[in-house]
Amino acid sequence: MQTASFNLSTSFPHLKNYPKLNPNPNLLHSSVTFRPINAGFTRSLPSTCSSSSPTKLGFSISSPSPLPERQSDGVVVRAASVPDSADGGDAAAAAAGKSKVVETVVLGSLFGLWYLFNIYFNIYNKQVLKVFPNPITVTTVQFAVGSVIVFLMWTLNIHRRPKISGAQLLAILPLAMVHTLGNLFTNMSLGKVAVSFTHTIKAMEPFFSVVLSAMFLGEMPTPWVVASLLPIAGGVALASMTEASFNWAGFWSAMASNVSNQSRNVLSKKFMVKKEESLDNITLFSVITIMSFFLLAPVTLFTEGVRVTPAYLQSAGLNVKQVYIRSLLAAICFHAYQQVSYMILQRVSPVTHSVGNCVKRVVVIVTSVLFFRTPVSPINSIGTGVALAGVFLYSQVKRLKPKKA
């Protein structure tokens with residue numbers, strides 16, 4: 001081991017204030033640590049000086065191993081620690097990714113329930129309208145059952161009963177009016193033509209959605225969006241010319257339903273954007289359902305009277321129990337799919353909601369054709385396919401963002 005010699009004298013600046021060394025033989029192997037007085041940092045000795053070596057004065061000087069924390073003249077020098085921002089960033093990213101996955105799953109489940117409830121509503125509703133062709137009464141019953149469900153939710157504290165001001169009721173009134181008209185026109189069309197044809201006509205909803213969104217929300221369509229609407233209109237026209245159950249009453253009722261429903265969707269989005277006055281989706285739809293019942297009930301009494309009594313149904317030669325059960329199931333599915341529709345509408349834009357609605361029609365058309373064994377000609381199938389292909393094209397071009405000037 002190499003020995004390093006040090007000549008200790010008063011000329012060495014760092015030893016001026018140290019006490020004189022005691023030549024006691026017991027201190028021959030003691031360890032002396034030198035710490036600069038005026039230094040604000042710690043200097044590590046090279047590894048070659050880490051071993052003890054005797055000096056000419058008869059004692060050895062050994063350099064200590066570096067410490068994680070040194071203090072000199074009130075200044076504390078600590079070893080640098082690895083920041084945990086990397087781990088925190090990874091955790092935040094993982095949490096954000098998990099939240100996005102959960103949100104996607106929830107939205108997908110809502111779309112699935114929307115489709116399922118709509119399928120059963122169309123089946124039960126068509127069965128009722130076939131034997132009981134009173135669409136105004138049927139629609140009023142559906143609003144009445146929905147109002148009962150709302151009051152049960154509030155009474156059982158499933159959902160908190162809202163406190164709504166008069167100004168909010170006035171803001172919701174237009175929504176309730178177009179909501180009432182949209183569902184009434186849909187039932188009128190379903191009572192006149194086949195379920196598949198009604199939903200083929202209602203594939204025109206993107207057209208009305210684009211027009212009304214431009215009028216009320218200021219969302220101007222791009223040329224590609226306008227071009228995608230052409231196959232939708234052409235396909236609906238082709239399907240209408242070859243529809244076996246075609247009649248003008250059913251056709252115009254479905255068209256009026258398109259206008260009413262898209263007005264409801266756009267106005268709902270515009271109403272919910274006002275954060276200080278907005279209601280949650282369940283409360284909004286609940287209030288609209290109750291208001292729609294009170295709006296339509298007087299019209300029903302004036303136009304069709306009371307036709308849901310057992311005596312009237314028996315006099316018409318109908319199976320009372322069957323009509324009641326199917327009407328109740330149709331009304332429950334009606335309220336359920338409308339509720340889910342509003343829940344989806346609060347999560348997506350009106351145009352996206354319209355696209356999802358058109359995709360839903362594909363499922364409804366196929367299931368209704370299979371269930372009711374509706375005769376469909378090849379040209380009618382081509383027209384329906386072209387319309388639905390236009391809807392798909394529309395959904396794709398809507399994702400294209402216009403370039404900013």
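So, α2 passes α8 in a left-handed crossing; left-handed here means that the near helix is turned anticlockwise from the far one by less than a right angle, while clockwise would be right-handed. Helix α2 covers residues 135-155 and helix α8 covers 281-303. Their axes sit 8 Å apart and the packing angle is about 145 degrees. Axes are lines fitted to C-alpha atoms, for helices over the stretch in contact, and the angles run from 0 to 180 degrees between N-to-C directions. And helices, by the way, are DSSP runs of H or I with at least four residues, strands are runs of E with at least two, and both are numbered from the N terminus.

What makes the contact between α2 and α8? On the α2 side we have, among them, I136, F143, V150 and W154, and on the α8 side residues including I282, I290, F293 and T303. Contact means heavy atoms within 4.5 Å. The residues of this contact divide into 12 nonpolar, 10 polar and no charged. For that count, Ala, Val, Leu, Ile, Met, Phe, Trp, Tyr, Cys and Pro are nonpolar, Asp, Glu, Lys and Arg are charged, and the others, Gly among them, are polar.

Quick word on where this comes from. It's a predicted model, where local features need pLDDT of at least 70 and side-chain atom pairs count only at pLDDT 80 or more, though totals for chains, interfaces and linings use all residues. Residues are numbered from 1 along each chain as its sequence is written, and side-chain values use heavy atoms, with hydrogens and water left out.

Staying with α8, have a look at T283, which lies in that helix. T283 counts as buried because its relative accessibility is 2%; buried means under 20% relative accessible area, exposed over 50%, and partly exposed in between, with a 1.4 Å probe and protein chains only. Not counting residues up to four places away in sequence, T283 touches H159 and P162.

Now another helix pair. The axes of α5 and α6 (residues 223-241) come within 9 Å and cross at roughly 150 degrees. That makes α5 roughly antiparallel to α6: over 145 degrees is roughly antiparallel, under 35 roughly parallel, 65 to 115 roughly perpendicular, and the rest oblique. This crossing of α5 and α6 is left-handed. P206, F207 and V210 of α5 meet V225, L229 and I232 of α6. Those contact residues split into six nonpolar, no polar and no charged.

As for α5 itself, it runs over residues 205-216, so to speak a 12-residue helix, and reaches 16 Å from first C-alpha to last, close to the 16 Å expected at 1.5 Å a residue. The expected span is 1.5 Å times one less than the number of residues. Its buried residues include F208, V210 and L212.

Next, some loops. T242 has its place in the loop between α6 and α7, and it is partly exposed because its relative accessibility is 25%.

Most residues other than glycine have a negative phi. N157 has a positive one, near 60 degrees, and so does R373, near 55 degrees. N157 is in the loop between α2 and α3, and R373 is in the loop between α11 and α12.
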